[in-house]
Amino acid sequence: LDAPTGAQAVSQTDDSITLEWTNSQADVSSYRVKYSPISGSTHGERAFPRGSGHTTQATITGLKPGTEYGVGVTAVKNERESLPATTNAATDLDPPRDFKEVRSTEMSLTVSWQKPQAKFSGYMLTYMPRDGQAEQVEIPSSATTYVLSNLIAGMNYTLTLAAERGHKRSRPISLSASTAPPDVLALSIKEAPTTQSAEEEEYIERADNVNNEAPSDNDVMISGTEPESSGMELLSDLAVNVTATSMSLTWSAPDEVFGSFLVELVAPLAAAAQPQVIALPGSFRKAKIEGLLPSTLYEITLLGLMEGNRSLPLRVFTTTGTLSKYLFHIICRAEEVSNRGAKRPVEK
């Protein structure tokens with residue numbers, strides 16, 4: 001019998017290999033496929049019927065992941081068997097298993113998984129926030145847990161994990177996980193300042209001249225700036241309420257448009273005025289900022305991020321309240337409560 005020719009692997013998974021070969025010229029009814037790991041002594045054997053056309057395809061299943069096999073294909077007719085057509089083929093690396101989130105904080109995600117069966121040198125973990133840019137982390141093969149840090153609070157992330165060996169990579173497994181949302185509260189402070197000092201007014205006037213817009217007549221001074229990129233005018237109604245050491249922001253924006261917001265805060269008249277940038281999820285419409293200086297002018301800039309593009313920013317100037325005013329209010333209130341609780345003398 002003449003042997004089949006051109007045996008080759010046409011596809012593979014982590015536990016199977018599909019072979020194809022050109023049929024023998026002799027009228028044979030079946031082929032015998034023998035296979036064995038290159039580095040092992042065990043072997044398998046299976047019979048496959050001849051294909052109806054010029055070639056025959058056969059799939060060997062139940063193989064070991066990440067393993068190279070030597071394969072021989074022979075034509076069989078009655079008790080006769082041809083010489084083999086041989087080839088080598090390897091299964092894919094199998095992916096890690098049971099990929100899951102085990103802990104979430106405002107700025108971190110802890111994930112765990114089980115190791116694959118195949119020999120591998122490490123993992124590639126990819127994570128991407130909604131409407132954000134993907135980041136990759138290489139993880140050693142000994143690890144079964146990992147902590148992603150410096151994330152955005154209240155943000156949903158898509159994570160994929162794959163095993164690697166040299167240039168080979170397993171099929172990735174995916175996981176959707178969210179960081180914990182911060183404790184964001186809306187404030188309503190009636191004693192927010194409504195006037196600015198001469199120095200503050202001079203700074204606001206200079207900033208407005210640079211932006212070519214006059215301040216509004218609202219309690220807080222609002223001005224616009226030129227767009228940093230081709231963003232859209234989708235943000236509006238930026239409002240601020242303040243105490244002596246904190247402020248709350250509220251704004252309006254269409255739903256499911258922005259992947260995140262950036263809030264930039266700076267005290268321009270302070271001795272060491274360094275801008276602080278706060279990233280917020282795109283689902284937020286309010287935020288609370290604490291730890292501010294009393295009686296201090298602050299400049300707040302809000303902009304939205306959508307697929308790497310920035311919206312037109314909104315800018316607000318406001319001044320935190322006087323600390324002594326709030327302390328005086330608390331002391332007076334405490335004295336009032338104390339007087340109410342005092343016992344009156346009994347009249348005789």
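Because this is a predicted model, confidence is the place to begin: the mean pLDDT of the protein is 79, and 76% of its residues reach 70 or more. Confidence is highest in strand E2, residues 16-22, at a mean of 97, and lowest in strand E17, residues 221-224, where the mean is 37.

Tyr-35 belongs to strand E3 (residues 30-37) and Tyr-69 to strand E6 (residues 68-77), so the pair ties together parts of the chain that are 34 residues apart in sequence. Tyr-35 has a relative accessible area of 11% and is therefore buried, and Tyr-69, at 5%, is buried as well.

Another aromatic pair is formed by Tyr-127 and Tyr-157, whose rings are tilted, with 6.5 Å from centre to centre and 50° between the planes. This pair also links distant parts of the chain, with Tyr-127 in strand E11 (residues 122-129) and Tyr-157 in strand E14 (residues 156-165), 30 residues apart. Both Tyr-127 and Tyr-157 are buried. Elsewhere, Phe-99, Trp-113, Phe-120 and Tyr-123 form one aromatic cluster.

In soluble globular proteins, nonpolar side chains tend to be buried together. The largest nonpolar core here has 24 residues, of which Leu-235, Met-247, Leu-249, Trp-251, Phe-261 and Ile-300 touch the most other members. Strands E18 (236-242), E19, E20, E22 (286-290), E23 (297-306) and E25 (314-319) are the elements that give two or more residues to this core. If its neighbours within four places in sequence are left aside, Ile-300 is in contact with several residues, among them Met-247, Leu-249, Val-263, Leu-265, Leu-314 and Val-316. A second, separate core holds 21 residues and includes Leu-109, Phe-120, Tyr-123 and Leu-125; Phe-120 and Tyr-123 are also members of the aromatic cluster.

Phe-261, which lies in strand E20, has a relative accessible area of 0% and is therefore buried. The C-alpha atoms of Phe-261 and Leu-302 are separated by 7.1 Å, although these residues are 41 places apart along the chain.

Two loop residues complete the tour. Asn-78, in the loop between E6 and strand E7 (80-81), has a phi near 60°, a positive value in a residue other than glycine. With a relative accessible area of 70%, Asn-78 is exposed. Glu-256, placed in the loop between strand E19 (246-252) and strand E20 (260-266), likewise has a positive phi, near 55°, and is not a glycine. Its relative accessibility is 72%, so Glu-256 counts as exposed.

Terms used: Residues are numbered from 1 along each chain as its sequence is written. This is a predicted model: local features need pLDDT of at least 70, side-chain atom pairs count only at pLDDT 80 or more; totals for chains, interfaces and linings use all residues. Side-chain values use heavy atoms; hydrogens and water are left out. Helices (H or I, at least four residues) and strands (E, at least two) are DSSP runs, numbered from the N terminus. Buried means under 20% relative accessible area, exposed over 50%, partly exposed in between (1.4 Å probe, protein chains only). Rings of Phe, Tyr and Trp (its six-membered ring) pair if their centres lie within 6.5 Å; planes under 30 degrees apart count as stacked, over 60 as edge-to-face and the rest as tilted. A nonpolar core is a set of buried Ala, Val, Leu, Ile, Met, Phe, Trp, Tyr and Cys residues joined through side-chain atoms within 4.5 Å. Contact means heavy atoms within 4.5 Å. pLDDT is the predictor's confidence in each residue, from 0 to 100.
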